[in-house]
Amino acid sequence: SKIPGFRALDTETVKDYLAERPDLGGHVGPSDSKDAWTVREVGDGNINFVYIVEGPSGALVLKQGLPYIRIAHDWPLTQERARFEAEALREEARHCPEHVPELYHYDGALCLLVMQYLPPPHLVLRPALTAGRSFPKLPCHIAHFMATTLFNTSLLALDSKAWRELVGRFENVDICRLTEQVIFTDPYYSAPVNRHTSPQLDDLAHAFQHDVEAKAAITALKAKFLQQRQALLHGDLHTGSLMVTEDTTYVIDAEFAFAGPIAFDVGKMVANLLIAFFAGAGLQTPEAPRTRQRQWLLQATVEMWASFVAEFKELWTASVKGGKPGDLCPSALFGEEAPAGPASLQAVQEDFFQGLLPDVLGFAGAVIIRRILGIAHVVDYENIQDADSRAAAERQSLQFARRLLVETSSFGGSVEAVVKAAAAC
Ligand code: ADP
Ligand code: SR1
Ligand code: MG
Ligand code: MG
Ligand code: MG
């Protein structure tokens, strides 16, 4: 239901809203220059409305959430999502300001945020990948964002009081229920909102609905999504939530933030790089082959995982006081009484990452499947105009995703093995 006092803004009232708040309007220009401001609604996501406002002094972005989702007006969604996004942006900026747009303002009654505008040549990564682009710095940047935000909001960095306080601030119930539905439930039964390339993929869509092993695996992952509270996640970390140039990477759209399994954020990123890889097979033409970009997407997957592990481990090791046998680690998981010398720390770390990767791969499989069989599709595949070619890329993706989901251990705990198998498809 609508928040009392809520009203949806439009390209005109956005100007009035900002002009009445000189601290905000000032990013664009003085309020008496309002008539010269331009406002464009540019929302291309599934959920919200996004306005870019430009004036003589600069520009900003205003993002507003209505009481329903953008792509389905009969689908209500909590307007609390703006608060979660604002809180998450603040928390992320504490740990990784270089990859997060600056938040200027949050208005709970109007369910809106005002934030830093990321101007051209910034592009949303997903359509840029679909156009054949590569971004060599991306894997390191994303690894840095994930390592810093996930480590610093986990029990490895926080004491249990701070941790419980953080978890309590991010009880993002309705948004998590949406994810439970669209990723972990709908693709595995004949949910009314599902769609797929038909009739070409009818057999596979039907097969997933009767696939006992896939259902067991997705249920185990859903349980982890619901039960494992390891760190504050971004919660919707896909290539449509990244804006990039050759040199910069920004993570936007934090409204799905909640305390959950670290592997979910990492798995979404792995999935989306693989989606771009598999879709590339259908997007390329003899005149414009995608060989180099597709190789880069696989290398980027390996590099992102390796950098993430290295950086997360580095933060963890540095946070352990001294590092001599018998020294004490400050985190809640290694409390005052727990000795954490280098040997035991190394053993714990190895255990941690060995346990993490299968979940990363499982979540990645689930995320690929939802983008082909569920409600929310992606331009990676949708831009393949010929339905048979699109279905061929989707079929290959689904078969590979099922291996990630069900035969996770066949990759021997190695991302290199995953990309080698993808390249061989
Ligand atoms: P949704 O929650 O609906 O998915 P997003 O936060 O992903 O909304 O924003 C939708 C689109 O708005 C982005 O894909 C991008 O094109 C544009 N956008 C969002 N934030 C910014 C920003 N800070 N600077 C420039 N463009 C932005
Ligand atoms: C109705 S599903 C909409 C999807 O868009 C968001 O960005 C999330 O990925 C969500 O699952
Ligand atoms: Mg988005
Ligand atoms: Mg996704
Ligand atoms: Mg969003």
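1. Domain bounds here come from an automatic or database domain assignment. On that basis the chain of this predicted model is divided into domain 1, residues 13-116, and domain 2, residues 123-423. The C-alpha centres of domain 1 and domain 2 are 27 Å apart.

2. The interface between the domains comes next. On the domain 1 side, 25 residues are in contact with 33 residues of domain 2. The area buried between domain 1 and domain 2 comes to about 2400 Å², and carbon and sulfur atoms give 64% of that area. Within domain 1, the residues that lose the most area to domain 2 are W75, F84 and H99. Together W75, F84 and H99 account for 28% of what the domain 1 side buries.

3. One helix pair deserves a point of its own. Two packed helices are described by the angle between their axes and the distance between the axes. Helix α8 spans residues 202-209 and helix α14 spans residues 387-406. Their axes lie 11 Å apart and the packing angle is about 20°. Angles under 35 degrees count as roughly parallel, and α8 and α14 are therefore roughly parallel to each other. The crossing of α8 and α14 is left-handed.

4. As to which side chains to look at in this pair, α8 makes the contact through D203, L204 and F208, while α14 contributes R395, L398 and R402. By class, the residues of the contact of α8 with α14 are 3 nonpolar and 3 charged, with no polar ones.

5. The bond from P120 to P121 is cis, with omega near 10°. P121 sits in the loop between β7 (112-116) and β8 (123-124). The bond from S198 to P199 is also cis, with omega near 10°. P199 belongs to the loop between α7 (173-182) and α8, and α8 is the helix that packs with α14.

6. A backbone angle at C111 is also worth noting. C111 is not a glycine, yet its phi is positive, at about 50°. C111 lies in the loop between β6 (103-107) and β7.

How values were computed. Residues numbered from 1 in each chain as written. Chains lettered and ligands numbered in written order. Predicted model: local features only at pLDDT ≥ 70, side-chain atom pairs only at ≥ 80, totals over all residues. Heavy atoms only, no water. Axes fitted to C-alpha atoms, helices over the stretch in contact; angles between N-to-C directions. Helix = DSSP H or I, 4+ residues; strand = E, 2+ residues; numbered from the N terminus. Parallel < 35°, antiparallel > 145°, perpendicular 65-115°, else oblique. Left-handed = near helix turned anticlockwise from the far one by under 90°. Contact = heavy atoms within 4.5 Å. Nonpolar A, V, L, I, M, F, W, Y, C, P; charged D, E, K, R; others polar. Buried area = accessible area lost by both parts, 1.4 Å probe.
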